[in-house]
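Hi,

Here's the structure I promised to pass on. Have a look at it first, and then read my notes below.

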Amino acid sequence: MRIKKLKENMEQKADAALITAQENVTYYSRFSGDSSQLLITDAGKFLFTDFRYAEQAEGQTDFTVVVTKNGLRNQTIFEYAKKQKASRIGIDLADVLYNDYKNYLEFTDEGDIIDLSPMISLQRSIKDADEIEVIAKGAVHNDKLFEHMCAFLKPGISETDIMAEIIYYMNRRGADSSFAPIAASGENSSLPHAKPTGRKIKKGDFVTMDYGCKFGSYCSDFTRTVAIYDIDNDKQKVYDIVKCAGDKALAALKPGMTAKSVDAVARDYITDMGYGEAFGHGLGHGVGLQIHEAPSLNNMGETILEPGMVVTIEPGIYLKGEYGVRIEDLCVITDSGCDNLTSAPRDLIII
């Protein structure tokens, strides 16, 4: 079905598709290895790899597996394209290195290369039932992991301890990590993408944990900010503003909206409450084979949201040198609204 859709999208534009990005290779062939490319024509489906992945590829995909040496890979691909009478080649150029592109020009004319990246990005942004099921599995494990971490946290534990515990929990349950987990405490929580340090959490801290369990090559995403023992009124106020902004965006999220209009729901509220300058990133992003993919929910996003898109809603406020708060949920857009795949409490938890 995915390949059929790809062919329909590139009809009259290209005779064949050369798929190079690892995530796109997985998307169309279900092969989970790397260092491989696909050639898809009207008459055939070919996966080009080397000896290391040949057996794996044969077991995971119904493509014809062609084993090549890397130095001859592009030459072999274009020889196959020629045999298939494909002259106009569509390529996912967004992930092609410049030197690889120059090498392609040794085998074809630049005018015969068509960029498939936009249409592939849009196709991948709308998940099918199988994709949603495995992403939802990651979301369920995120919730369980959060419950575990709430019992694990206590004063004296370092940010790197928190990160290590998150990864250990995931791996023990058969999950990979969608990205390097974020564990940020105290003043470090004002950094949206803080790297865990040896700082030890203490009473009165906010602790932000951002992670995602990955199953079957599909990512998930999750963030919660918790408090240690107690917090002052200013911190509670900021937390409540972030939560309310997220609540408003979750209630508004539905098909037919533009990405920027969803972003505006949360951003306008945070701005009205006096913290607009402290919310410097987009409201959310698509999640799938990559942790960040289309659509981007930000103040410039023109994408029209459609059923099947899986997106994060993650407003935040970051006060430089003091603290930060981010609350992130993972949602799938439905015909009439959205389903929140995240069930962990959104109210502030004080540990």
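Leaving aside residues up to four places away in sequence, E165 touches H148, M149 and F152. This is a predicted model, by the way. Take M149: it sits 16 residues from E165 in sequence, and the two C-alpha atoms are 8.0 Å apart in space. E165 itself is part of helix 8, which covers residues 159–172. Is E165 buried or exposed? Its relative accessibility is 17%, so it counts as buried, because the cut-off for buried is under 20%.

Helix 7 (residues 129–152) packs with helix 8 at an angle of about 140°, and their axes are 11 Å apart. That makes the pair oblique to each other, and their crossing is right-handed. On the helix 7 side, the residues that meet helix 8 are H141, K144, L145, H148, M149 and F152. Their partners in helix 8 are D161, I162, E165, I166, Y169 and M170. Sorted by type, the residues of this contact come out as seven nonpolar, two polar and three charged.

Now the cysteines. C244 is partly exposed, with a relative accessible area of 24%. C331 is buried, at 0%.

Cheers

Definitions and conventions
Residues are numbered from 1 along each chain as its sequence is written. This is a predicted model: local features need pLDDT of at least 70, side-chain atom pairs count only at pLDDT 80 or more; totals for chains, interfaces and linings use all residues. Side-chain values use heavy atoms; hydrogens and water are left out. Helices (H or I, at least four residues) and strands (E, at least two) are DSSP runs, numbered from the N terminus. Buried means under 20% relative accessible area, exposed over 50%, partly exposed in between (1.4 Å probe, protein chains only). Contact means heavy atoms within 4.5 Å. Axes are lines fitted to C-alpha atoms, for helices over the stretch in contact, and angles run from 0 to 180 degrees between N-to-C directions. Angles under 35 degrees count as roughly parallel, over 145 as roughly antiparallel, 65 to 115 as roughly perpendicular and the rest as oblique. A crossing is left-handed if the near helix is turned anticlockwise from the far one by less than a right angle, and right-handed if clockwise. Ala, Val, Leu, Ile, Met, Phe, Trp, Tyr, Cys and Pro count as nonpolar, Asp, Glu, Lys and Arg as charged, and the others, Gly among them, as polar.
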